[in-house]
Amino acid sequence: MNIAWNLFTPWQSLVGGLLIGAAAALYLLGNGRVAGIAGIVASPWRALRTHVSLGPERNRLAFIVGLLAAPWAWQLIAPLPKATLDVGTLGLAAAGLLVGIGSRMGNGCTSGHGVCGLSRFSLRSLVNVLAFMATGVVTVFVLRHLLSGAA
Amino acid sequence: MRLLLALLSGLIFGLGLIAGGMTDPAKVKAFLDIFGAWDPSLALVMGGAIAVGVVAFAVARKRSHSWTGERMEIPAYTTIDARLLGGGVLFGAGWGIGGFCPGPALVALGSGLAEAGIFVAAMLAGMWLYDRFLQPPG
């Protein structure tokens with residue numbers, strides 16, 4: 001194992017994590033719901049497709065608006081950190097498709113199972129998290145080290 | 001009040017994702033690249049979030065209703081089956097290819113990153129595909 005100390009940002013990442021935890025806590029204690037983002041997106045998206053009233057979805061929609069507005073709020077104080085992508089349109093489309101199907105099939109994502117599930121010591125969530133972490137690691141290994149040959 | 005709380009939760013969540021480095025797909029991939037030049041930062045994002053989350057859920061369990069009077073809905077599923085595992089596998093593959101998961105992709109979309117738009121559109125299509133063709137009946 002070879003730690004990339006030049007990329008390591010322990011304090012920023014810890015602060016980011018604490019903020020995420022605080023946000024999940026606010027949503028849970030304030031509105032009584034788990035802040036699982038896949039579910040927060042999937043539920044109004046389903047209502048939209050099935051022409052069901054979006055009324056019951058308004059808290060989820062407000063949460064999504066908050067997420068979308070976060071870069072704007074950040075920019076008021078500091079420049080946004082860069083985002084670097086190394087996949088093309090096709091790769092992004094495949095990635096999105098897999099994340100969409102996978103989050104519905106497994107009933108959660110990095111926030112729903114990862115943050116919220118592990119915070120309530122759910123074995124079910126732990127199984128899902130271990131599955132996506134392991135597959136994520138294997139996928140990056142295959143793409144980066146087996147297929148491209150570059151380290 | 002509920003709407004404002006939800007908006008604020010989303011906003012703080014998004015700021016946390018930006019601060020933590022989750023909105024940079026290269027950083028996510030560096031976290032998953034444990035056999036290459038490994039950047040363990042995102043473990044601290046997860047750890048920090050869970051540290052607060054554990055307290056929040058412990059408090060929430062003692063309450064029947066939220067501050068705004070909504071019934072406290074904490075998931076009670078315990079089923080561990082092939083779907084849970086398969087869903088995780090597909091999700092992890094997509095996460096590894098794109099370096100995005102749902103929250104950071106939405107935040108990146110909010111910053112005007114066109115690539116995040118492609119990812120989010122495909123994610124919505126994937127959710128539709130699952131609901132339409134793959135969901136077990138009943």
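Which residues touch the most other members of the largest nonpolar core? In this predicted model, in which local features need pLDDT of at least 70, side-chain atom pairs count only at pLDDT 80 or more, and totals for chains, interfaces and linings use all residues, they are I20(A), A23(A), A24(A), A105(B) and F119(B), within a core of 89 residues. Residues are numbered from 1 along each chain as its sequence is written, while chains are lettered from A and ligands numbered from 1 in the order in which they are written. A nonpolar core is here a set of buried Ala, Val, Leu, Ile, Met, Phe, Trp, Tyr and Cys residues joined through C-beta atoms within 7 Å, and a residue is buried if 20 or more other C-beta atoms lie within 10 Å of its own, exposed if 12 or fewer, and partly exposed in between, with C-beta atoms placed from the backbone. In soluble globular proteins, nonpolar side chains tend to be buried together.

Of the elements that build the core, helix α1 (residues 10–31) of chain A gives the most, with 11 residues; helices (H or I, at least four residues) and strands (E, at least two) are DSSP runs, numbered from the N terminus.

Chain B comprises 6 helices and 1 strand, which run α-α-β-α-α-α-α from the N terminus on. The C-alpha trace of chain B spans about 45 × 40 × 30 Å along its principal axes, and 56% of its 138 residues count as buried. Among contacts in chain B between residues at least 6 apart in sequence, 36% join residues at least 24 apart.

Between the two chains, 109 residues of chain B are in contact with 107 residues of chain A. The elements giving two or more residues to the chain B side are α1, α2 (25–32), β1 (37–38), α3 (41–61), α4 (82–98), α5 (102–110) and α6 (114–134) of chain B, with α1(B) giving the most, 18 residues. By class, this side has 70 nonpolar, 28 polar and 11 charged residues, where Ala, Val, Leu, Ile, Met, Phe, Trp, Tyr, Cys and Pro count as nonpolar, Asp, Glu, Lys and Arg as charged, and the others, Gly among them, as polar.

The crossing of α3(A) and α1(B) is right-handed, a crossing being left-handed if the near helix is turned anticlockwise from the far one by less than a right angle, and right-handed if clockwise. This contact has 18 nonpolar, 5 polar and 2 charged residues.

Within chain A, α2(A) and α3(A) pack at an angle of about 125°, with their axes 9 Å apart, which makes α2(A) oblique to α3(A). The crossing is left-handed, and the contact is made by I40(A), V41(A), S43(A) and P44(A) of α2(A) and R60(A), L61(A), F63(A) and I64(A) of α3(A).

Helix α5 (residues 110–119) of chain A has 10 of its 10 residues buried, so it is largely enclosed by the rest of the structure. The cover over these residues includes α1, α2 (37–49) and α6 (123–147) of chain A together with α3 and α5 of chain B. After α5(A) comes F121(A), whose phi is positive, near 55°.

In the loop between α3 and α4 of chain B, S66(B) is buried, with 20 other C-beta atoms within 10 Å. Its contacts beyond four places in sequence are L29(A), G30(A), N31(A), G32(A) and M72(B).

Definitions and conventions: Two residues are in contact if their C-beta atoms, placed from the backbone, lie within 7 Å. Axes are lines fitted to C-alpha atoms, for helices over the stretch in contact, and angles run from 0 to 180 degrees between N-to-C directions. Angles under 35 degrees count as roughly parallel, over 145 as roughly antiparallel, 65 to 115 as roughly perpendicular and the rest as oblique.
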